[in-house]
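Please keep the structure open while going through them.

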Amino acid sequence: MSGHPSTYEPKYAASKWLDQRLPIVRMGADFMTFPSPRNLNYWYTFGGILALCLVVQIISGVILAMHYVADVDGAFASVQRIRRDVPFGWLLQSMHAVGASMFFLAVYMHMFRGLYYGSYKAPREVLWIIGCLIYLVMMATAFLGYTLPWGQMSFWGATVITGFFGAVPVVGEALQQWLLGGYAVDNATLTRFFALHYLLPFVIAALVGLHVWALHHVGQNNPIGITEKTKSDTLSFHPFYTVKDAFAIAVFLFIFAFFLFYLPDALGHADNYIEADAMKTPAHIVPEWYFLPFYAILRAVPSKLFGILLMLGAIVVLFVLPWLDTHKVRSMRFRPVARWFFLIFIVMCFILGWCGAGVPDDIAIPLGKDAGITFYRLGQAATLYYFAYFLVILPVLGLIEKPVKRPDSITKAVLGDQKRGAGLLPAE
Amino acid sequence: MSDNQPEDGSKRDFIFLATGAAAAAGVAAIGWPLVAQMGKAADTLAAGSIEIDLSKIAEGQQLKMLWRGKPVFVRHRTAEEIAKAEAVELADLKDPATDAERLVPGTSGEVDPKFLVMVGVCTHFGCVPVGEAGDYEGWYCPCHGSHYDTSGRIRKGPAPTNMAIPPYSFVNETTIKVG
């Protein structure tokens, strides 16, 4: 990984011998001393938190696979057996299920951070795109995994999502049946979903490798979005950011543990405790919370194909964001107009999530007796804003918005203008 | 290539193209089984047909049977439901079909409008619609709010087409064979 000159010097004969043959220790050492902007705030700790989430999911998932039965006759019972009979199965199963939610919680924070501080702008476009790819594979993995317990929501969620492929003109039905391996979601579907659910986390791990490589090649962005110019603008990753990340991880684990031990089912759906039944649809199919905004976008138009295209578009638009936001200033701290539109954008994402959970024809905002704005209409409005933010607001602001005055450097932003040579050194 | 012969590039081009073509054919030959294995297996395709006895279904009752992993609805419609289904103007329909077109003639060659047989799967995303519900008192899909009439035709909501009629025929006056 390039980015800064190596400072590693092997001390022992054995380490010298290894370094000349495979400089793996050097790679690790350079990673730990990577010069990071000295002004990173806690929004920048989610990368480390996400790495931990991936490790938790892979370890707990590999263990669950040792007890899980990928067969329509045994899947539901095997998950219940894990929860009741397998030693510490209750812990590991909950850790994996709650862990998925925590993973998405962290990834959304990480993405909002990138959106606010302009982390997608040159020269970080590829870094951002790899991140979008990771998010896409995460969504696929989460969907496949949710099918495995073979409850009612698993089954009908899988039916609805694979139904998307049926909307493709001409070849849709053939494509859908090819994916399912049958006429409907059945045993063939379950076994292949299990195989792919086991595979994709390792694809994510590989993409994370590329993500970190790209990060270390172009350097980290920071809250003021100004590139580091001198050595005093940076700090060594260790111990400064290892400690900061460790503290953030500890706080994050408190939240994780709270759900894990006190509310293990709060983020799931009660209907998934009913075994899958192809003859009966639950009264109200909802996806997991982290897909709700996209579900609302899907339902925002009364057309099957257009709804799917809109939902896919909501993700595709993220990939091309570096070329939609043409403003030269990265951080929205110095963009007095854009930051307000960004705040509204976050509110709209929450509204979309709320609409995704609601019944389309129900009243979301009552206005007088038996009247008001339905979830359907509200979802349409929020969908409109979601796309307008990326396709209209950011491109237009890129042309007309005047940024406020920015500091000259990271050092000046942190320490002000006063000459304090000693202040540049970390406090003892 | 010997020195006394002029260099002929076309031979090399030919070998290059032929090798490339053979390699591409090889990749396609091994790639196709990898893709095709995902399709319906022979036993899935053979999961074939079911017979349904209509005489056991009372008027106003609906039978649900599993066929190829999907529910099949057999509804013994009331006179009122039939009248409603037949009274609809074709111009009002998103996926125009008369009620009679959605039925199969019995052993006598006549269409009996009493029994409606269809795949009980919403054409939107495949949920199972609820009977005697919705704005048209036919079926209502709880997933995304599609309304079907008493002939199973889409009337309102996101579903693109009417509920499908499975291939079926009358074995005798009161028994049908689906599939």
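1. Is A:Val317 buried or exposed, or does it fall in between? This is a predicted model, and in it A:Val317 is partly exposed, because 16 other C-beta atoms lie within 10 Å, while a residue would need 20 or more to be called buried and 12 or fewer to be called exposed. A:Val317 belongs to helix α12 of chain A, which covers residues 304–319. Leaving out residues up to four places away in sequence, A:Val317 touches A:Phe387 and A:Phe390. Between the C-alpha atoms of A:Val317 and A:Gly99, which stand 218 residues apart along the chain, the separation is 27 Å.

2. A:Leu292 is found in helix α11 of chain A, made of residues 292–298. It counts as buried, because there are 20 C-beta neighbours inside 10 Å and the cut-off for a buried residue is 20 or more. When neighbours within four places in sequence are set aside, the contacts of A:Leu292 are A:Pro287, A:Gly353, A:Gly356 and A:Ala357.

3. The next points concern pairs of helices. Two packed helices are described by the angle between their axes and the distance between the axes. In chain A, the axes of helix α3 (residues 46–67) and helix α9 (residues 187–218) come within 11 Å and cross at roughly 155°. This angle makes α3(A) roughly antiparallel to α9(A), since that description is used for angles over 145 degrees. The crossing of α3(A) and α9(A) is left-handed. On the side of α3(A), the contact involves A:Ala51, A:Leu54, A:Gln57, A:Ile58, A:Gly61 and A:Ala65, and on the side of α9(A) it involves A:Tyr198, A:Pro201, A:Ile204, A:Ala205 and A:Val208. Sorted by class, the contact of α3(A) with α9(A) has nine nonpolar residues, two polar ones and no charged ones.

4. Another helix pair in chain A is formed by α5 (residues 89–116) and α10 (residues 237–262), whose axes come within 10 Å and cross at roughly 135°. That angle makes α5(A) oblique to α10(A). The crossing in which α5(A) passes α10(A) is right-handed. Here A:Ser94, A:Met95, A:Val98 and A:Met102 of α5(A) meet A:Phe256, A:Phe259 and A:Leu260 of α10(A). The contact of α5(A) with α10(A) divides into six nonpolar residues, one polar residue and no charged residue.

5. Turning to chain B, what is the order of the strands in its open sheet of three strands? The order is β2-β3-β4, and the pairing is antiparallel. Strands β2 and β4 (115–119) of chain B stand at the edges with a single partner strand each, so one side of each has no neighbour in the sheet. Neighbouring strands of this sheet are turned against each other by 20° on average, with direction ignored. Six bridges are found in the antiparallel pairing of β2(B) and β3(B), and the bridge partner of B:Gln62 in β3(B) is B:Arg75.

6. An open sheet of four strands in chain B has the order β5-β6-β7-β8, again with antiparallel pairing. Its edge strands are β5 (130–131) and β8 (154–156) of chain B, each of which pairs on one side only. Within this sheet, strand β6 (residues 139–141) and strand β7 (residues 146–148) of chain B pair in the antiparallel sense over three bridges, and the partner of B:Cys141 in β7(B) is B:Ser146.

7. Strand β9 (residues 168–172) and strand β10 (residues 175–178) of chain B run antiparallel and are joined by four bridges. β9(B) and β10(B) form a hairpin, with two residues between them. The bridge partner of B:Tyr168 in β10(B) is B:Val178.

8. Finally, how many residues of chain B are in contact with chain A? There are 23 from chain B, in contact with 26 residues of chain A. The elements that give two or more residues to this side of chain B are β2 (62–67) and β3 (70–76) of chain B. The residues on the side of chain B that touches chain A divide into 11 nonpolar, eight polar and four charged.

Terms used:
Residues are numbered from 1 along each chain as its sequence is written. Chains are lettered from A and ligands numbered from 1 in the order in which they are written. This is a predicted model: local features need pLDDT of at least 70, side-chain atom pairs count only at pLDDT 80 or more; totals for chains, interfaces and linings use all residues. Two residues are in contact if their C-beta atoms, placed from the backbone, lie within 7 Å. Ala, Val, Leu, Ile, Met, Phe, Trp, Tyr, Cys and Pro count as nonpolar, Asp, Glu, Lys and Arg as charged, and the others, Gly among them, as polar. Two strands pair if DSSP finds at least two bridges between them. Axes are lines fitted to C-alpha atoms, for helices over the stretch in contact, and angles run from 0 to 180 degrees between N-to-C directions. Angles under 35 degrees count as roughly parallel, over 145 as roughly antiparallel, 65 to 115 as roughly perpendicular and the rest as oblique. A crossing is left-handed if the near helix is turned anticlockwise from the far one by less than a right angle, and right-handed if clockwise.
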